[in-house]
Amino acid sequence: MAQHGWVTQTQNPARTADAWWRDAVIYQIYPRSFADADGDGVGDLPGITSRLRHVADLGVDAVWLSPFYTSPMADAGYDVADYRDVDPLFGTLADADALIAEAGRLGLRVIVDLVPNHTSDEHVWFREALAAGPGSPERARYLFRDGRGPDGSEPPNNWRSVFGGPGWTRVTEPDGRPGQWYLHLFDVKQPDLDWTNPQVRAEFLDVLRFWLDRGVAGFRVDVAHGLVKAEGLPDWAGEHGLLDGTVAPMWDQDGVHEIYRTWRQVLDEYPGERVLVAESWAPTPERLADYVRPDEMHTAFNFDFLETHWIAADLRESITRSLAATAAVGAPTTWVLSNHDVVRHPTRLALPQVGRRPNGIKATDPQPDEALGLRRGRAATLLMLALPGSAYLYQGEELGLPEHTTLPDEARQDPTFFRHNGEVAGRDGCRVPLPWAADEPAMGFNKTGATWLPQPESYRRYAVDRQRGVPGSTLEMYRAALRLRKELRLGRGDLSWVDDASDETVSFVTETPGGSVAVVTNLGREPVKAPAGEVLLSSGELEDGQVPTDVTVWVRQ
Ligand code: GLC
């Protein structure tokens, strides 16, 4: 330890309280693509239940399930038609109960997705709104407005949809004439709710209770930064991008916080520390921290870290700023590298490390170096899992799965692809069904061989049965990391940067109730000396006591 200087002493509030969620590792299950029990090519709840042991064996604390509710599936289930039922594609409410019960037996909590910014256009409320006409209480649950221009044929403002194209669609009134417009920040089939309406607020409090009563451990709140829009829905000349430091009139309005305070009160009525996690693309880490003030949500995804390039100084800065921002409000930071909306991190980290990330990769794009990506992906994972706070894993990352970068256009399903006239690939490449067994139909995803998105041949090499029990495999690296993380209580650590470390490393020491651990990630071209002590784990082979390029090592001191 003598060689280390202490530059930043980050106070980690996770140390002061014992709540499970402060250092939990939570595994995201994307139901369409996890496991398919009925063989129709789309994953389902019984499939998940049958494979939960894999998740428990990894050593995580909880699962988060992306939506499985009744939906016409215009956005893979993020367009909910009934918040209190399961879509037949995924099973039944009884299947959801069975899943929650089996998870409980395996020691896993279950977090479900809540989609409050918009409903499906097939939700009964939206149908009633269309039928009832302008000025009705039914319309007042959504954001209907008259159009601009003499005949109302121009949209009420210039907002765009996140998926591309205009953010407004004009409806035909019950009398057959062209009429009002409704706002949809996402697909045309996802009308935005009006959260100034008390009925909307009451409805979601009830939906929370519905799932809490069924035993869920909490909610991942979809588009948590979107519910409240600026008064008067003003035009917006700025970027519609979300992490660019500015507050746009459709995102991150201060009014959202009052909503989460009321939700928190409901959760606190239930035993067992139920949690709210914000999917909030807030413009800065400090504004993100507002979501996790003591009387609001518990945690929020730290997308700033996810978006940071594979550049040591940038990673150090993101980590420092994120820890400081959440510490200021007494909350832990929540790390994440992959999910169902972004290019899988092993592939992302092999892309040129400049500028904006692409939204998916097409067969005609330059193809990222798979081996380089896997090496960096493993290093990034060991860096993340050593950091204080909680962390989210996305299904398949424990196998080192790359993005599917050569999906044929005919196979694509993401509305992003269609709303950009096929010019933007969209998110299908990270949503491909998992490979469980290299030589079985659909690589073990089901017994029929049907898959809603085709799996690339390369996925056979990554299949669970090729990695389980194989020393050095990515699967075994994740298992070892999660076991050590728990034993050493790394999620409860106090992090200090090592000031005499090479600029091209991320080097810190974390003091935990379980001891002192040095962590080095080498992003430079030259190997660096490993810290003195017992090597606990590394993402690649060390060479003569040196940490090679794109490797992370954990050392007990
Ligand atoms: C969130 C989800 C994404 C979905 C969008 C609209 O960003 O993660 O998958 O398309 O919200 O609900």
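1. Contact here means heavy atoms within 4.5 Å. On that basis, 19 residues of domain 1 touch 18 residues of domain 2. Domain 1 spans 14–118 + 198–467 and domain 2 spans 124–183; the bounds come from an automatic or database domain assignment.

2. This is a predicted model, in which local features need pLDDT of at least 70, side-chain atom pairs count only at pLDDT 80 or more, and totals for chains, interfaces and linings use all residues. Residues are numbered from 1 along each chain as its sequence is written, and side-chain values use heavy atoms, with hydrogens and water left out.

3. Confidence next. The mean pLDDT (the predictor's confidence in each residue, from 0 to 100) is 95 for the protein, and 96% of its residues reach 70 or more. Residues 1–16 have pLDDT below 50. That stretch still has 49 contacts in the model beyond near neighbours in sequence.

4. Back to the domain interface. The centres of domain 1 and domain 2, taken over C-alpha atoms, are 30 Å apart. The buried area (accessible area, 1.4 Å probe, that two parts lose on being put together, summed over both) is about 1,500 Å² between them. Carbon and sulfur atoms give 61% of this area. On the domain 1 side, Leu-233, Asp-235 and Arg-419 supply 38% of the area buried against domain 2, more than any other three residues.

5. One helix pair. Helices (DSSP runs of H or I, at least four residues, numbered from the N terminus) α6 (residues 198–213) and α7 (residues 256–268) have axes that come within 10 Å. Among the residues making the contact are Phe-204 and Leu-208 of α6 and Trp-263 and Val-266 of α7.

Terms used: Axes fitted to C-alpha atoms, helices over the stretch in contact; angles between N-to-C directions. Helix = DSSP H or I, 4+ residues; strand = E, 2+ residues; numbered from the N terminus.
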